[in-house]
Amino acid sequence: MKSKAVAAEAAPTVSGAGLGLRRELVAPLLERVPEPIGFFEVAPENWMELGGKFGKQFRTLTERHPFVTHGLSLSLGSPAPLDTAFVKRVKKFLDAHRIRYYSEHLSYCSDDGHLYDLMPIPFTEGAVKHVAARIRRVQDILEREIAVENVSYYAAPGAEMTELEFLNAVLERANCGLLLDVNNVYVNSVNHRYDPRTFLDGVPAQRVRYLHVAGHYVEAEDLRVDTHGADVCDPVWELLDYTYAKLGPVPTLLERDFNIPPLPILVREVEHVRELQGKNPVGAASAATVAAEAAPTRAAPAIRRRA
Ligand SMILES: [Fe+2]
């Protein structure tokens, strides 16, 4: 069963390293975008209804630089009906700003109302079918492929399969892309006691559209909390290096949502992403840039599971 999703209008690619755009960064970035930053990411919910001064400033940035979006509220795993009116508003936003790609969390944040947190979807066969059908519906409305992100989670009630099996089953059934969050892989590997490299080896390379990297909070030796509020730590940098060695220099976005340092400090981390990408110009199973892979859902290559 193929999705009806089709290519977005010839969108330029994103590549290299990107930075999550926050309102406090807009003014310095309008003056000058530092060289290592190749693209930006925003949550559509925070920017699509924006008018006035911020709306104009945002428009200036999207006219000058490539953007991707990372949604917060689509609630792909929710039992509640899909908010199709919201998805249509997202489509207008993507088209208006020529946004290169749309990703969302493989989680849910609503039932009757919004929960203001991202809850893990149970790793069950029934949930695979449910969430994959919703992803396909979203792709059909948006007329483009989306990517789903592996999320951090702290409990897995009622699991019938592993996180990796669940992720792969959803990707295959939904015929969608993967936003691979390397920090989340690391956080989950500590909290749920698995080898993060084995997890990365099991991810379908052809589905990877872009990466996230971020910092987290060390609550205890065996408990990490995914906060996006700290610098990226050495084990996550090492895991990112390992990912590039496997996949090549996949476009990578630095997320920073709390304790936001001045722009030059963030730029140093973006620069480090670029250095690691430069070390690994070709991966063992090379993944292409976002738009090159993203456009043709119909013609997407078959999944090759990589053990
Ligand atoms: Fe992420």
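1. The largest cavity holds about 100 Å³ of space, and a search of the whole structure turns up 1 cavity of 30 Å³ or more. By cavity I mean a set of points on a 1 Å grid, over the protein atoms alone, where a 1.4 Å probe fits but cannot get out. Points are joined across faces, edges and corners, and the volume is the space filled by probe spheres set on them.

2. Before going on: this is a predicted model, where local features need pLDDT of at least 70 and side-chain atom pairs count only at pLDDT 80 or more, while totals for chains, interfaces and linings use all residues. Residues are numbered from 1 along each chain as its sequence is written, and side-chain values use heavy atoms, leaving out hydrogens and water.

3. What lines the largest cavity? Lining residues (an atom within 4 Å of a point) include Leu106, Pro120, Phe123, Asn150, Tyr153 and Phe166. The lining splits into 8 nonpolar, 1 polar and 2 charged residues; here Ala, Val, Leu, Ile, Met, Phe, Trp, Tyr, Cys and Pro are nonpolar, Asp, Glu, Lys and Arg charged, and the others, Gly among them, polar. Helix 6 (residues 163-174) gives the most, with 3 residues. Helices (H or I, at least four residues) and strands (E, at least two) are DSSP runs numbered from the N terminus.

4. Now the barrel: 8 strands close up in the order 1-2-3-4-7-8-9-12, with parallel pairing. Neighbouring strands of this sheet are turned by 30 degrees against each other on average, direction ignored. Pairing takes at least two DSSP bridges between two strands. Strand 4 (residues 102-105) and strand 7 (residues 147-149) pair over 3 bridges, and Glu104 has Val148 in strand 7 as its bridge partner.

5. Helix 4 (residues 84-96) packs on the sheet, touching strands 2, 3 and 4, and its direction makes about 145 degrees with that of strand 4. Contact is heavy atoms within 4.5 Å; axes are lines fitted to C-alpha atoms, for helices over the stretch in contact, with angles from 0 to 180 degrees between N-to-C directions.

6. Most residues other than glycine have a negative phi. Buried or exposed? His228 is buried, at 12% relative accessible area, whereas Glu143 is partly exposed at 39% (buried is under 20%, exposed over 50%, partly exposed in between; 1.4 Å probe, protein chains only).

How values were computed. 1 Å grid on protein atoms, 1.4 Å probe; cavity = no way out; pocket = protein on both sides within 12 Å on 5 of 7 lines; lining within 4 Å.
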